[in-house]
Amino acid sequence: MLASLGTDYQKLIQQSQSASKALARQGKLLNVPNTGLGIARQIVQFNKHHPQAALAAVCAMRQETALSNPLPLKVSLMMAILTHRSRLNDHYAQHLIAGAFTLFSATTYHRDTHSLHVERSVLQGLRQHLQKPQLKNWRDILAVHKVLEQHDFVKYLKSPGINTAQWWLISCAHLALHFQQQFFVPLRQVARYSPAHRQALIHQWLAFPGDRWPAAQGTNSHERSTVMFNTGSDIALFTQSNGKKALNWRANDVTLFPTRSIAFSQWLALCEQFPADYEQATAFKPAGRIYPLNHPPASLLKVIDALSDPDVDITELALLIEEETVFAKALKASASMDNRLNLPVNDVKQAVLTYGTERVGDMLVRQALMQRLTQHEFPLSGTCNTLIALTASLASAICEDVKCQMTPQAAGLVSTFMLAPLYSLPALKVLLHFPHKTSALHSVDSLLSLQCDPPFSALATELAANWHQSKLHQALLGHCGKMPAQVSGPLKTEYALLCLSLLLARQWLHATSPMDDRSIEALRQCLHILPVRQSNIAVYKEKLSDLIYCHLLR
């Protein structure tokens, strides 16, 4: 990575300069969304591949002479660093960064008055390109241009009229403008004026990126040091004394009085002298471990396959499960509450014997799947989380009252796979309102008013196969979209159960009008197939009322 860093940085500088000029000049062939998203992707990828260099670039941006207007890139890099640290969905983050880059391409900074000025004619021309629904975040960002021109505009963070996209823009603009060598100086203002529900997000930034960024210089005990790398808990300091050069890793609480920043080229030249330390620092992942969704790791698949083996050795199985530490802990806690005598369960083997391998397998897969589905934030992630939790809880509750081939854990798992494609639709990541379709409430293929190709049922079936799910689970998911009565044979009851749980969840959460004829017919067929009555449905609704009525608090 170090070998390509210089080239990647120069390419980023050149493309930033080209994009900002194109946005400001607004030629006839200009496509504002494509230009903004193009440079935003470059910035996001640069930060992912070179996280230490991204920090150094922001710190040294004041000395970057190749940029006629460094503001768009500095604000965008700041936003890329912090959105990645806060685990925002990549597609959503790219739209925020593209909107910020576009706005600051029409903005100049006056050093004498320490104020920003937005060119109204340029801004008006940019707005004409941003009328599509999926560009609402861009329009919200451009709408705060008058705020940016105010003295001490960071105070507007406390305004209840500021939405999430605007909060990110104002915060990153303030941080980029006022960050010299110490990040905490401008961060205190952001924390001071931000509402309470943003404080947990800001708190993450204290550990990383922290106060001292690469390329900053400071003194300690009459010795000048240059911050080379920052991995949260530790920093690497370069010192040169009496002709001797040294790089020392220290705890991040070391006292260092800031003096200045070095140029990016100087920082890069120092990195080339310590390639092993650079690789070590680059291996640090600011956002923590990211879990793949479509292809689980081999270690997890090994556990899943072992749990589905009727001849598996329980002792060996318990050892495999113990390697999944988070699940093993949750499994023991759950088994302690579920056994009849309420005795504490202290080892995984005892927990497996309490539940049986089939139930344990379904619990493990669902927890691992949800861990991957919910690892990134986007505006509608809370809405999606609530829908999937309510549908799974309904499926499990109905399963307890129905004689079928599935356990309650399996019913919850299959319904989770059924809705999992929600988290893989790029178009959904940038919308602010859930595009719920009000027809055929039993069908996951008619869940959204967005075009989905391939349909949800195909995506869910493929995902279940990748997770080594049983033929029963895959067959059920393959039928999704059909009317309950269209599925006959041994899967009829199980499929009706899935349809009913999805229909009720959608009706309770999103229906604003009476059900359409197809939904009414699907409900009638479900109630004919399943031994479930309206009185049972009322019990389910009362039991799960926290998911229905209190989801906005989560």
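**Helices and sheet of a predicted model**

Reader: How do you know that the span of helix H23 (residues 492–510) agrees with its 19 residues?

Author: The expected span is 1.5 Å times one less than the number of residues. For H23 this gives 27 Å, and its end C-alpha atoms are 27 Å apart, so the two agree. Helices (H or I, at least four residues) and strands (E, at least two) are DSSP runs, numbered from the N terminus. This is a predicted model: local features need pLDDT of at least 70, side-chain atom pairs count only at pLDDT 80 or more, and totals for chains, interfaces and linings use all residues. Residues are numbered from 1 along each chain as its sequence is written, and side-chain values use heavy atoms, without hydrogens and water.

Reader: Why is H23 called largely enclosed?

Author: Because 16 of its 19 residues are buried (under 20% relative accessible area, with a 1.4 Å probe and protein chains only).

Reader: What makes S6 (244–251) and S7 (257–261) edge strands?

Author: The open sheet has the order S6-S5-S4-S3-S7, with antiparallel pairing; S6 and S7 each pair on one side only. Pairing requires at least two DSSP bridges, and S5 (residues 234–241) has eight with S6. Leu237, for example, has Asn248 in S6 as its bridge partner.

Reader: What describes the packing of helix H2 (residues 32–49) and helix H3 (residues 51–60)?

Author: Their angle is about 115 degrees and their axes are 5 Å apart; axes are lines fitted to C-alpha atoms over the stretch in contact, and angles run from 0 to 180 degrees between N-to-C directions. Contact (heavy atoms within 4.5 Å) involves residues including Phe46 of H2 and Pro51 of H3.

Terms used:
Buried < 20%, exposed > 50% of the residue type's maximum accessible area, 1.4 Å probe, protein only.
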